[in-house]
Amino acid sequence: MTSREYLNQLKRLHDLMEEEESDLGEESDLEEESGLPTNGKEAYLKRLNILEVLYQKHKEYYPKLQEKLKRGINHLKVDREREVLILRYIDLLDWDEIPKKMKCSKDAAYGVHKRALKHLEQFMT
């Protein structure tokens, strides 16, 4: 797995966890308020249980991925490369926020990111 694939997997996993967490909260509220027929409630409860199981699996796996990423980032020699990866994959900032934090242009941030991924890949493989 390349560094880019690894980092994208980490980001997707985080987004999925947030989605599931939001769904679980919304569905719990709906369950109390709904006047669903019994079979509708059963289907709903079954889906809720599946979401809870998925969430728990992701919740256990995500910190392991994040820890591996942190170790890789700590091996980078260039501070700016570490900074861009932390902002993007640990702090989970979007590309509009990262250049502001780094006090550079978006193109410069992209360039640092590209170099950081290349160097991270050398450590991760």
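Buried means under 20% relative accessible area, exposed means over 50%, and partly exposed is what falls in between (1.4 Å probe, protein chains only). Keep that handy for the exercises below.

This is a predicted model, where local features need pLDDT of at least 70, side-chain atom pairs count only at pLDDT 80 or more, and totals for chains, interfaces and linings use all residues. Residues are numbered from 1 along each chain as its sequence is written, and side-chain values use heavy atoms, with hydrogens and water left out.

**Exercise 1. Get an overview of the chain and of the confidence in it.**

Step 1: Start with the elements. The chain has five helices and zero strands, where helices (H or I, at least four residues) and strands (E, at least two) are DSSP runs, numbered from the N terminus.

Step 2: Look at burial. Of the chain's 125 residues, 34% count as buried.

Step 3: Check pLDDT, the predictor's confidence in each residue, from 0 to 100. Its mean over the chain is 77, with 67% of the residues at 70 or more. Helix 1 (residues 3–33) has the lowest confidence, at a mean of 62, while helix 4 (residues 98–102) has the highest, at 97.

**Exercise 2. Work out how helix 3 and helix 5 sit against each other.**

Step 1: Find the axes, which are lines fitted to C-alpha atoms, for helices over the stretch in contact, with angles running from 0 to 180 degrees between N-to-C directions. Those of helix 3 and helix 5 (residues 106–124) come within 8 Å and cross at roughly 95°.

Step 2: Name the arrangement. Angles under 35 degrees count as roughly parallel, over 145 as roughly antiparallel, 65 to 115 as roughly perpendicular, and the rest as oblique. Helix 3 and helix 5 are therefore roughly perpendicular to each other.

Step 3: List who meets whom, taking contact as heavy atoms within 4.5 Å. On the helix 3 side, the residues include Val84, Leu85 and Tyr89, and on the helix 5 side they include Val112, Ala116 and Leu120.

**Exercise 3. Track down the salt bridges.**

Step 1: The structure holds three salt bridges.

Step 2: Take Asp79 and Arg82, whose closest N and O atoms are 2.0 Å apart. Both lie in helix 3, three residues apart, about one turn of the helix. Asp79 is exposed at 52% relative accessible area, whereas Arg82 is partly exposed at 21%.

Step 3: Move on to Arg80 and Glu83, with their closest N and O atoms 3.3 Å apart. Arg80 is partly exposed at 32% relative accessibility, and Glu83 is partly exposed at 26%.

Step 4: Finish with Lys106 and Asp96, where the closest N and O atoms are 2.8 Å apart. Lys106 lies in helix 5 and Asp96 in the loop between helix 3 and helix 4, so this pair ties together parts that are ten residues apart in sequence.

Note on methods
A salt bridge is a side-chain nitrogen of Lys or Arg within 4 Å of a carboxyl oxygen of Asp or Glu.
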